[in-house]
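This report describes a protein chain for a reader who has not seen it before. Please look at the sequence and the model first.

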Amino acid sequence: HKKVIYGLDSPFGKDKLTGGFLHKSSGIQLFKSTIKQLLLTEKGERILLPKYGCNLRKFLFRPLDENTFEAIKREILYSFDRYIVGAKIVKLSVFPLGDFGPAGGNSLKISLLVRLTEDDLSVFDVGVTIK
């Protein structure tokens with residue numbers, strides 16, 4: 001019998017008709033939601049966890065070169081190892097989108113291939129866009 005862990009899905013209120021304002025999820029969906037939240041959160045945004053997040057928006061106004069991409073990957077790997085329990089990154093990719101964000105800076109696509117540590121067969125993609 002496998003233990004199922006539940007958590008709050010994000011964004012809040014996305015499924016008001018079936019799950020209510022605070023919708024719960026489990027398994028891969030819970031991990032995807034948690035990883036996206038980590039990638040899209042800037043450090044200092046969460047009052048009780050001021051070091052939680054990846055600070056990826058700071059890279060939008062830097063030159064999109066190999067040094068910037070490596071710094072982005074280091075930031076993600078550090079935060080992932082610190083805050084995501086039960087999963088490991090198999091592959092991490094960073095791509096420039098060529099679009100400009102609302103403030104005129106670059107935009108980036110972050111793509112992760114993630115494996116659950118308890119189940120070698122559970123591999124899934126997570127992606128976010130930083131504008």
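## Model and confidence

The model is predicted. Mean pLDDT over the chain is 81, and 73% of the residues reach 70 or more. Confidence is highest in helix α2, at 96, and lowest in strand β1 (residues 6-8), where the mean is 49. Where pLDDT is low, the predicted coordinates should not be read in detail.

## Overall make-up

The chain contains two helices and five strands. Read from the N terminus, these elements follow the order β-β-α-α-β-β-β. Of the 131 residues in the chain, 35% are buried.

Among contacts with a separation of 6 or more, 42% join residues 24 or more positions apart. The chain exposes about 8300 Å², and carbon and sulfur atoms supply 56% of that area.

## The sheet

Three strands form an open sheet in the order β3-β4-β5, and their pairing is antiparallel. Strands β3 (87-96) and β5 (123-130) are at the edges; each has a single partner strand, so one side of each is left without a neighbour in the sheet. From one strand to the next, the twist averages 20°.

The pairing of β3 with β4 runs over nine bridges, and Lys 91 has Leu 113 in β4 as its bridge partner. Strand β4 (residues 108-116) pairs with β5 over eight bridges. Across from Leu 112 is Val 126 in β5, and Val 114 stands opposite Phe 124, also in β5.

In a regular strand the side chains alternate between the two faces of the sheet.

Which strands does helix α1 touch? Helix α1 (residues 27-40) packs on the sheet and touches β3, β4 and β5, with its direction at about 30° to that of β5. Helix α2 (residues 66-83) also packs on the sheet, where it touches β3 and β4. The direction of α2 makes about 155° with that of β3.

## The nonpolar core

In soluble globular proteins, nonpolar side chains tend to be buried together. The largest nonpolar core here has 27 residues. The members that touch the most others are Ile 35, Leu 39, Leu 56, Ile 72, Ile 76, Ile 110 and Leu 112. At least two core residues come from each of α1, α2, β3, β4 and β5.

Leu 56 shows how parts of the chain meet here. Leaving aside residues up to four places away in sequence, Leu 56 touches Leu 39, Glu 42, Ile 72, Glu 75, Ile 76, Ile 110 and Ile 130.

## A loop residue with positive phi

Asn 55 lies in the loop between α1 and α2. Is Asn 55 buried or exposed? Its relative accessible area is 18%, which is under the 20% cut-off, so Asn 55 counts as buried.

Most residues other than glycine have a negative phi. Asn 55 is not a glycine, yet it has a positive phi of about 55°.

Note on methods
Residues are numbered from 1 along each chain as its sequence is written. This is a predicted model: local features need pLDDT of at least 70, side-chain atom pairs count only at pLDDT 80 or more; totals for chains, interfaces and linings use all residues. Side-chain values use heavy atoms; hydrogens and water are left out. Two strands pair if DSSP finds at least two bridges between them. Helices (H or I, at least four residues) and strands (E, at least two) are DSSP runs, numbered from the N terminus. Axes are lines fitted to C-alpha atoms, for helices over the stretch in contact, and angles run from 0 to 180 degrees between N-to-C directions. Contact means heavy atoms within 4.5 Å. A nonpolar core is a set of buried Ala, Val, Leu, Ile, Met, Phe, Trp, Tyr and Cys residues joined through side-chain atoms within 4.5 Å. Buried means under 20% relative accessible area, exposed over 50%, partly exposed in between (1.4 Å probe, protein chains only). pLDDT is the predictor's confidence in each residue, from 0 to 100. Accessible areas come from the Shrake-Rupley method with a 1.4 Å probe; for residues, only the protein chains shown count as cover.
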